[in-house]
Amino acid sequence: MGILIRGGRILDAATKKDMTGDLYIKDNVISKIGEHLEIQEEEDLEIDAAGAWVMPGIIDLHVHFRDPGQTQKEDIETGGRAAAHGGITTVVTMPNTSPVIDDPDRVNYVHNKAAQVAGIHVLQAGAITKGEGGKELSDIEGMVKAGIPALSEDGKSVMNSRILKEAMECAAKYDLPIFDHCEDIDLRGNGCINEDKNAERLHLPGISSSTEDAIAARDILLAVETGVRLHLCHCSTEGVAKMMKHVEEAGLGKQITAEVCPHHFILTSDDIPRDDPNYKMNPPLRTREDVKALIKGLKEGYIKVISTDHAPHTAKDKAGSMRNAAFGIVGLETSLALTYTELVEKGILTPLQMVEKMCWNPAQILRRKTGSLQEGYPADVILVDVAEEYAIDKNNFLSKGKNTPFHGRKVKGKVLYTICGGRIVYQEKN
C-alpha cells in the first residue's frame, strides 16, 4: 500500500525545497514529489495535508531509553512511542544503562528489541570505557561490527585524557564520531544548579560554566590532534558557543559539531521556582547571556543540531528537593513545538533552518541516507500543524517520564502524522 500526502508545505533543508505540493510513498521510500500527483493503486491511502508542514522525520542524536536495567523509567517500546508522538523517527540512545552498553551483545539486545517494538529507528551508542569506569576501553571493534553509530560516555566525561585520546584514535580508525558529555566531575562537586545569583537565592550549591568549558576545550584540542569526529552534547554555556564559532572559522565545522537542547535555549536559572526538581538538569539552566549565545550559534550556523537529552525518571526519583532529586527532564514530545514556537515563529530561525538542525545535519553526522525528502530516500516523514496553539500537557505524554518544566506552556507545532519506513507509527486523534 502506498501513501499519497496531498497539498502540504514540503520543507527539505538538503535541497532547499519549500513548496506546496504532493509526496507519494511506495515500498517504504519516497517515490515521487510534485504537484497534482495521483494514487497509483486502489488500496493507497490519501492524506489531506492542506495547511500542514511536511518535513523529514526528526533525528534526535541524544536520548535515554533506560533499557536495559531501568525500565521503570522508560523502555524501548515506550520511548519509541513517545518519539513518534514528537515527530522523531530516528534516535541515538545513550549507553549509560544498567548494565552499561559496552559490548556487542548488549548493542544487539537493544537493536533486536527495537526492531520488534519501537516503531522507529533506534541506534544504540556504545560506551567509550568498560562500565563507563574511565579506566579501560570497551570492545570498540566488536560494537562497530554490531552497528553502533557513535561512542559516548554520556552521563560523565572520560576524565583520563590519555585514555580518551586512545579512544579517539580508535574511533577515528573506524570513522566513528564521539558524542561528548563535557563535565569536569571535580569542578561539579555536589552542585545542582548554575553557579550564579540564583544559587545564592535558593541556597543551593552551584555548577560553574568552567565545569563544561574546560572539558569542551580539552576535547576539541584532542579531536584536532587525533582527527576524530567530535560532537559536543547538550551545550549550555556562552564559552562553548564561542569555541564552536572559532571551530567554524578554522574550517573544522564538519569534523567538530555541537548540539543544544530546547531547555537550554529557552529557560534560564531565573526561571527556577523554589525547590522544583523539574528544573534540575545536567548541565544546568544557565544565564540569559548563555541563552543569547546559544541562540546566536543556532542562527549563525556554528551550532548545528537541536537534540533533546530526553531523560525520563519516575515521580519518586524527581520528588523531594533540588539537592536530592535526579538530574534530567523529558523532551521527545515537546522539542518540535518548543523549537517552532520559540525560534521559528519569533523569526530567529527560518523553517528550513529548523529542518536543517533537527533533520538534515543530524543525518550528516550519522552519515546515514535520511533526514531529507528526496525521491529514493527512506519514507521517514512527518506532518505538523503549526497554526493551532495548545498547552503542553504532561498527562498526555506517551513516555513513562512526566518530568518536564514545560507543563502548561502554550506552544504551536502539533504532530499530526509520523511515518517511519513507510508505516504510519503515530496519528493525532481528532
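Predicted model: local features only at pLDDT ≥ 70, side-chain atom pairs only at ≥ 80, totals over all residues.

Cavities. I looked up how many cavities reach 30 Å³ or more, and the count came to three. For the largest cavity I noted a volume of about 60 Å³, and I listed its lining as H181, C182, E183, I207, T211, E212, H234, N282, P283, P284 and R286. Sorting that lining by class, I found four nonpolar, four polar and three charged residues.

I then turned to the second largest cavity, which holds about 40 Å³ of space and is lined by P262, H263, T308, I329, V330, G331, T334, S335, L338 and F406. Which elements give two or more residues to this lining? I recorded α9 (262-266) and α11 (335-344). By class, the lining of the second largest cavity has five nonpolar and five polar residues, and I found no charged residue there.

Sheet. I next followed the strand order of an open sheet of six strands and wrote it down as β9-β10-β11-β14-β15-β16, with parallel pairing. Which are the edge strands? They are β9 (126-127) and β16 (305-306), each of which pairs on one side only. As a reminder to myself, strands of a sheet pair through backbone hydrogen bonds, either parallel or antiparallel.

For D180, I noted L232 in β14 as the bridge partner.

Note on methods: Residues numbered from 1 in each chain as written. Heavy atoms only, no water. 1 Å grid on protein atoms, 1.4 Å probe; cavity = no way out; pocket = protein on both sides within 12 Å on 5 of 7 lines; lining within 4 Å. Points joined across faces, edges and corners; volume = space filled by probe spheres on them. Nonpolar A, V, L, I, M, F, W, Y, C, P; charged D, E, K, R; others polar. Helix = DSSP H or I, 4+ residues; strand = E, 2+ residues; numbered from the N terminus. Pairing = 2+ DSSP bridges.
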